[in-house]
Amino acid sequence: MTVRAKKHLGQHFLTDENIAKKIADSLTEKGYDNVLEIGPGMGVLTKYLLEKELKVTVMELDSESVAYLQETFPVEHLKLNTSKEKFTIIEDDFLKKNFTETFNNQQVAIIGNFPYNISSQIVFKAIENRAYVPEFSGMFQKEVAQRIAEKEGSKTYGILSVLTQAFYDAEYLFTVPPSVFNPPPKVDSGVIRLIRKENYTLPVNEKLFFRVVKTAFNQRRKMLRSSLKSFNLSDSLKEDPIFALRPEQLSVQRFIELTQKIAQDNDSSF
């Protein structure tokens with residue numbers, strides 16, 4: 001039994017064993033006993049995860065892939081432990097699944113060759129559940145992977161960069177060419193690793209922080225005093241030198257400081 005890649009699900013099956021192993025080996029295996037693979041397809045990455053001292057859960061929306069993993073995969077890999085205690089297959093949509101209920105509030109690393117069309121949403125859901133996600137490794141469209149790991153001062157630095165790096169240390173690991181996929185995508189891919197910071201809470205109202213970052217980058221070419229007009233900034237606050245900068249010039253720490261200034265400027269509103 002084989003599985004055909006489905007365009008509407010954004011499936012591009014990785015065929016290079018060395019790259020699959022490199023992605024699996026990007027996990028540090030520190031601080032957790034569980035790993036969740038999103039979109040395993042035909043299990044090219046899964047088999048290397050099963051060799052580790054981790055309980056492996058895979059979540060797959062494609063019923064054809066689920067049937068393959070349940071019926072064919074264990075037979076093709078008899079040397080691997082695919083018992084229920086070691087290996088769980090969930091047919092569901094990660095973006096709609098209740099993460100904490102699924103894993104009983106346990107620490108879970110996330111990994112995968114993510115569909116390009118929902119990869120950013122997967123990162124945002126991991127951020128929402130960061131108290132339970134100490135580590136995150138995976139393959140994205142190269143530009144998205146670079147954006148997540150990019151530092152301030154770059155044109156690719158943006159909302160995804162700041163909101164991810166507020167809670168995780170991000171590292172771009174390596175680039176993957178289209179030729180190692182079936183069917184090959186039209187762009188290069190990039191693999192990144194996120195390791196949760198020791199202190200992953202912010203010293204500001206997090207909803208306000210998210211709003212400030214998103215509002216600032218929605219008009220990224222403007223200075224902050226213009227792009228953040230909707231916050232009804234006082235004239236005295238607008239004189240602060242930080243408001244003469246553009247959002248791509250601010251580090252995560254400076255965005256935190258910016259949020260603190262806005263909160264202090266008008267406590268009754270936030």
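Leaving out neighbours within four places in sequence, Gly39 is in contact with Met59, Glu60 and Asn113, where contact means heavy atoms within 4.5 Å. The structure is a predicted model, in which local features need pLDDT of at least 70 and side-chain atom pairs count only at pLDDT 80 or more, while totals for chains, interfaces and linings use all residues. Residues are numbered from 1 along each chain as its sequence is written, and side-chain values use heavy atoms, with hydrogens and water left out.

Gly39 sits in the loop that links β2 (34–38) and α2 (46–49). Helices (H or I, at least four residues) and strands (E, at least two) are DSSP runs, numbered from the N terminus. With a relative accessible area of 26%, Gly39 is partly exposed; buried means under 20% relative accessible area, exposed over 50%, and partly exposed in between (1.4 Å probe, protein chains only).

Glu60 belongs to strand β3 (residues 55–60) and counts as buried at 6% relative accessibility. Between Glu60 and Ile38 there are 22 residues in sequence, and their C-alpha atoms are 6.4 Å apart in space. Asp93 is placed in the loop between β4 (87–91) and α5 (99–102). Asp93 is also buried, at 17% relative accessibility. Not counting residues up to four places away in sequence, Asp93 touches Met59 and Leu61. The side chain of Asp93 reaches the backbone nitrogen of Leu95 at 3.0 Å. This is a polar contact, that is, a pair of N or O atoms within 3.5 Å; within protein, one must be able to donate a hydrogen and the other to accept it, and residues adjacent in sequence count only if both atoms are side-chain atoms.

The strands form an open sheet of seven, in the order β4-β3-β2-β5-β6-β9-β7, with mixed pairing. Because β4 and β7 stand at the edges with a single partner strand each, one side of each is left without a neighbour in the sheet. The twist averages 20° from one strand to the next. Two strands pair if DSSP finds at least two bridges between them. Strand β5 (residues 108–113) runs parallel to β6 and is joined to β6 by four bridges. Ile111 stands opposite Ser137 in β6. Helix α6 packs on the sheet, where α6 touches β2, β5, β6 and β7, and the direction of α6 makes about 165° with that of β6. Axes are lines fitted to C-alpha atoms, for helices over the stretch in contact, and angles run from 0 to 180 degrees between N-to-C directions.

In strand β9 lies Arg193, which is buried with a relative accessible area of 18%. The side chain of Arg193 reaches the backbone oxygen of Ser26 at 2.8 Å and makes a polar contact with the side chain of Glu171 (2.9 Å).

Helix α7 (residues 142–149) has Val144, Ala145, Ile148 and Ala149 as its buried residues. These residues are on the same side of α7, because they cover an arc of only 130° around the axis; the arc is that of the directions from the helix axis to the C-beta atoms.
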